[in-house]
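Reader: Before I ask about particulars, could you show me the sequence and the model that we are going to discuss?

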Amino acid sequence: MGSIDTPKNPENGSRTLPPATDAYATYEGDENEMPPRATEMTLPVESDAIKKRKASMLPLEVGTRVLCRWRDSKYHPVKVIERRKMQSVGSIDYEYYVHYTEFNRRLDEWVKLEQLDLDSVETVVDEKVEDKVTSLKMTRHQKRKIDETHVEGHEELDAASLREHEEFTKVKNIATIELGRYEIETWYFSPFPPEYNDCLKLYFCEFCLNFMKRKEQLQRHMKKCDLKHPPGDEIYRSGTLSMFEIDGKKNKVYGQNLCYLAKLFLDHKTLYYDVDLFLFYILCECDDRGCHMVGYFSKEKHSEESYNLACILTLPPYQRKGYGKFLIAFSYELSKKEGKVGTPERPLSDLGLLSYRGYWTRVLLDILKRHKGNISIKELSDMTAIKAEDILTTLQSLELIQYRKGQHVICADPKVLDRHLKAAGRGGLEVDVSKLIWTPYKEQG
């Protein structure tokens, strides 16, 4: 699950055009996943012997650990993931694709040799031995942080499949994209067609989501593209916010392009080329230039498991504005219209569970406050369209439910409810149900 105006967006690695100049300020991921501002390092003047020793190290092997100068001009520990030869006159130079070892893969990038401190090079060691030694040295909090960073979203994969996934997607193939008035740094690998393998930047039409290799191609396309909003039906309009429903069968190319785009920001997303089975709900900010996508969620047309959401993303320039919470709430409003209970597709990532647990907590506790606890699990489910199992696990995690005489009893002390509501934080943007004009999907013919 994933996430998106000022001239400079200081948190998600996105920027309005022309680009911002403060690289550290343009990062917009989780601030806890951003390399800390480390101490400046001043390298001593090198003797010929030291230069000779460093030259013998090159090129660095894949797996080498070393300190790397990041965009904040400070040095941070990295691991070399891949290397490639660079075009240079009279010598063979390499650049290295590195992973900042304490942080999420979204920060991985290509760096030049001069960014690496060769005095800090560590010998390549066996991964299993290294992991065991590192595990012994880490505190419980550090282990949990590393687990969240490296396994997030891959709970369904066994060890072998996880290794295969990470090997296949280890190097970001597209570094940046241009979408509307934003230039956005990508986070992860996305399996674009082979003809785009040599592109570091792609240019997207923000309305039809066609992508091109060059700016001139996009400019020519925009003169011919007559779309000013996503294809499909507008089912919600409130102020400057609109929601469009796109049928993957009717708009196959748009659905596939959306999946390519989303994969750049979702590490765990499975890319579906067969989008016929899905409906896509595109949230837009609207102005006099058109309706600009800020995020989306998808859902299966027919789900035997009662899934009301398959994938969710708020684009980086629009994150931390409450749009993710809005999308979750919107998926449940559709479930209410269908007369069904719903639940997000499993497995949920740690961050996905956190988002949903926050939504469930706010919705359920608001009702419990009004009814003073005199309500059953089934009644809560009927009122909210939240699956009974999700209600049960949420209330149990808050220690608001007990099992007495063969049945679950809700304990709703007003002070306890207020404390939990405060901890759950703000609910984000409200869905104005009166502005939702929608008929549940039915297969034609």
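Reader: In which sense do strand S9 and S10 pair?

Author: This is a predicted model, in which local features need pLDDT of at least 70 and side-chain atom pairs count only at pLDDT 80 or more, while totals for chains, interfaces and linings use all residues. Residues are numbered from 1 along each chain as its sequence is written, and side-chain values use heavy atoms, with hydrogens and water left out. Strands are DSSP runs of E with at least two residues and helices are runs of H or I with at least four, both numbered from the N terminus, and two strands pair if DSSP finds at least two bridges between them. Strand S9 (residues 201-204) and S10 are joined over 2 bridges, and the sense of their pairing is antiparallel.

Reader: Which residue in S10 is the bridge partner of Phe-204, and which strands are the edge strands of the sheet?

Author: In S10, the bridge partner of Phe-204 is Phe-211. The open sheet consists of 5 strands with mixed pairing, in the order S1-S8-S7-S9-S10. Each edge strand pairs on one side only, and these are strand S1 (14-16) and strand S10 (211-212).

Reader: Where does UniProt place the feature "active site", and is that residue buried, partly exposed or exposed?

Author: The unreviewed UniProt entry places this feature at Glu-345, although such annotations may be inferred rather than shown by experiment. Glu-345 is found in the loop between strand S17 (343-344) and helix H8 (350-371). Buried means under 20% relative accessible area and exposed over 50%, with partly exposed in between (1.4 Å probe, protein chains only). Because its relative accessible area is 22%, Glu-345 counts as partly exposed.

Reader: Is Lys-79 buried or exposed?

Author: Lys-79 has its place in strand S3 (residues 75-86), and its C-alpha atom is separated by 5.9 Å from that of Gly-63, which is 16 residues apart from it along the chain. With a relative accessible area of 16%, Lys-79 is therefore buried.

Reader: Which residues touch the most other members of the largest nonpolar core?

Author: A nonpolar core is a set of buried Ala, Val, Leu, Ile, Met, Phe, Trp, Tyr and Cys residues joined through side-chain atoms within 4.5 Å. The largest has 82 residues, and those that touch the most other members are Ile-177, Met-243, Phe-330 and Leu-395.
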